[in-house]
Amino acid sequence: MAVCARLCGVGPARGCRRRGAAREQRRGGGGDSEPDTDTDPEEAGGGGGASAEDDELTERIECARPAPHPAEVGPNGRAPMSLLELPPELLVQIFGSLPGTDLPSLARVCTTFRRILRTDTIWRRRCREEYGVCENLRKLEITGVSCRDVYAKRINPRVKSGRFMKILPDYEHMEYRDVYTCLLHRYRHILGLWQPDIGPYGGLLNVVVDGLFIIGWMYLPPHDPHVDDPMRFKPLFRIHLMERKSATVECMYGHKGPHNGHIQIVKKDEFSTKCNQTDHHRMSGGRQEEFRTWLREEWGRTLEDIFHEHMQELILMKFIYTSQYDNCLTYRRIYLPPSSPEDLIKPGLFKGTYGSHGLEIVMLSFHGRKAKGTKITGDPNIPAGQQTVEIDLAHPLQLPDIENLRDFSELSRIVLEVQEQVRREEQEEEQRREDEDRFQQAATPPAAQPQGGEGAEGEETASGAERAAQDKAPASQPFVLPMGVISRNEDYPRTCRVCFYGTGLIAGHGFTSPERTPGVFVLFDDDRFGFIWLELKSFSLYSRIKVSFQNAEAPSREAFDEMLKNIQSLAT
């Protein structure tokens, strides 16, 4: 602000500072209930309670140009040009290139700047560049809102639903300044990827700016067992401006259209939603009709089509458990895993088959010599947040020829040999660390420095061995599941690139007696991999979720690791 004041020719006079402090005192007092340290852009819009006389006085005080200092006079005999001498159109372009959070400070410089900042073109540019809003408020009925097309594609003619009604509010008198200050800036903290707290089931919520709405989309896996099909999604809530300077939160759950809801930002990476009209979630046919509708949406079939009794129990249990929340949920932020050129494949989110539990969402991330698969959605056996598989990238497996691969005992023998080798290496590593600890206690600090270098060199050697093993492996090799291994999806790839030793987490109902058992990680291509659970004699196929999620990148590797630790501790 001081720089802008000097450009405007505002001097550091004592009276100017005194009057500025008095204005700040009069303006202070109110506070936003939302925990936020940023400057409120709404201050840049003007519309305060000052009288015309006060504005005129402020103009005279703040924008009067004192006589230039001799040192400021240029060779042509005149002082340098100030911003106030520029055409208003050029000032609009300059101010529009600044971040929206900086505009309130600029508006305090003088009344001229405050008046220029009421230009809607500035705020339209900020909405577009910072949040991706590109619709024209005056032509919405012609161009349409992007989310309306998404709604239209999701209409199921078999379900009579009012969910897709009343999409467009009246934007005739709306301004981009109001959209920025009262909608986008206010709710910017909830944009991104979130995991709802729904017991063991979890979920994946993506909150995005969609047209002139902020919408929370719940992403659902495709119907079992079609793991390669695209993800399904449905809206849980939306936020938009029904009136100027007033954002409206609406719950989209149920089948009676949008209705009153509430959002509370609990802390930095956590928020909660509440539906104020849960009667909109009920159907005229009672719980039976609600269950049949939910079953069609969740599984794409009726209960009569599911012959497995255990699977019927699991489905009914999930409906009873999840429906009790009535869209009153707490969400915690999750990040997409950071990638590195040395990763086996690009990390990210995958859909995987889990027997009678159906398809679930798993996050694949790489951690040096290990790769981890963390559940984003879960089940009563292994809840969301737990590490479902772990791959040891330092121990590749050489599969037998295609005929011997059909023999489960042959594959089991190879895996158990590697498991014994890993166990011996872990014991040796533990012994080496104990020896190092004893040495460090007896050695001086300078003598301890080479040990770190040796450890780093050892890790580099392991990484080099892993790359060498991958280079020796053929580009692709035939693959077939051994006899007796059960797969929900028989349409799995018949060639693979490389296989590694890994472990999978299994447990009883309610996550009782969890244990890690040996298995085989099979990499098919850049977007698909599989895991053979030896003890269960089952096969899980995973396919990449090809959705470009916004505002989902982790700020750092440490932040991502902390996020993984938090969701696992909550699941435990």
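Okay, let's start with Asn-327, which sits in the loop between helix 12 and strand 8 (330-334). When I say helix or strand, I mean DSSP runs numbered from the N terminus, with helices being H or I of at least four residues and strands being E of at least two. Asn-327 has a phi near 65°, a positive value in a residue other than glycine. Is Asn-327 buried or exposed? Asn-327 is buried, at 6% relative accessible area; buried is under 20%, exposed is over 50%, and partly exposed is in between, with a 1.4 Å probe and protein chains only.

Quick housekeeping. This is a predicted model, where local features need pLDDT of at least 70 and side-chain atom pairs count only at pLDDT 80 or more, while totals for chains, interfaces and linings use all residues. Residues are numbered from 1 along each chain as its sequence is written, and side-chain values use heavy atoms, with hydrogens and water left out.

Another positive phi turns up at Lys-537, about 50°, and Lys-537 is not a glycine either. Look for Lys-537 in the loop between strand 18 (528-533) and strand 19 (538-544). Lys-537 is partly exposed, with a relative accessible area of 38%.

Now a peptide bond. Asp-224 and Pro-225 are joined in cis, with omega about 5°. Pro-225 is in the loop that runs between strand 3 (213-220) and strand 4 (232-243).

On to Gly-300, in the loop between helix 11 (286-299) and helix 12 (309-323). Gly-300 comes out partly exposed, at 45% relative accessible area. Which residues does Gly-300 touch, not counting residues up to four places away in sequence? They are His-223 and Leu-295, where contact means heavy atoms within 4.5 Å. The C-alpha atoms of Gly-300 and Pro-222 are 9.0 Å apart, and those two residues are separated by 78 residues along the chain.

Next up is His-395, in strand 12 (residues 387-397). His-395 is buried, with 7% relative accessible area. Leaving aside neighbours within four places in sequence, His-395 contacts Val-418, Gln-421, Val-422, Glu-425, Phe-500 and Tyr-501. From the C-alpha of His-395 to that of Cys-499 is 8.9 Å, with the two residues 104 apart along the chain.

One last stop: Glu-430, which belongs to helix 14 (residues 408-442). That's it from me, so over to you.
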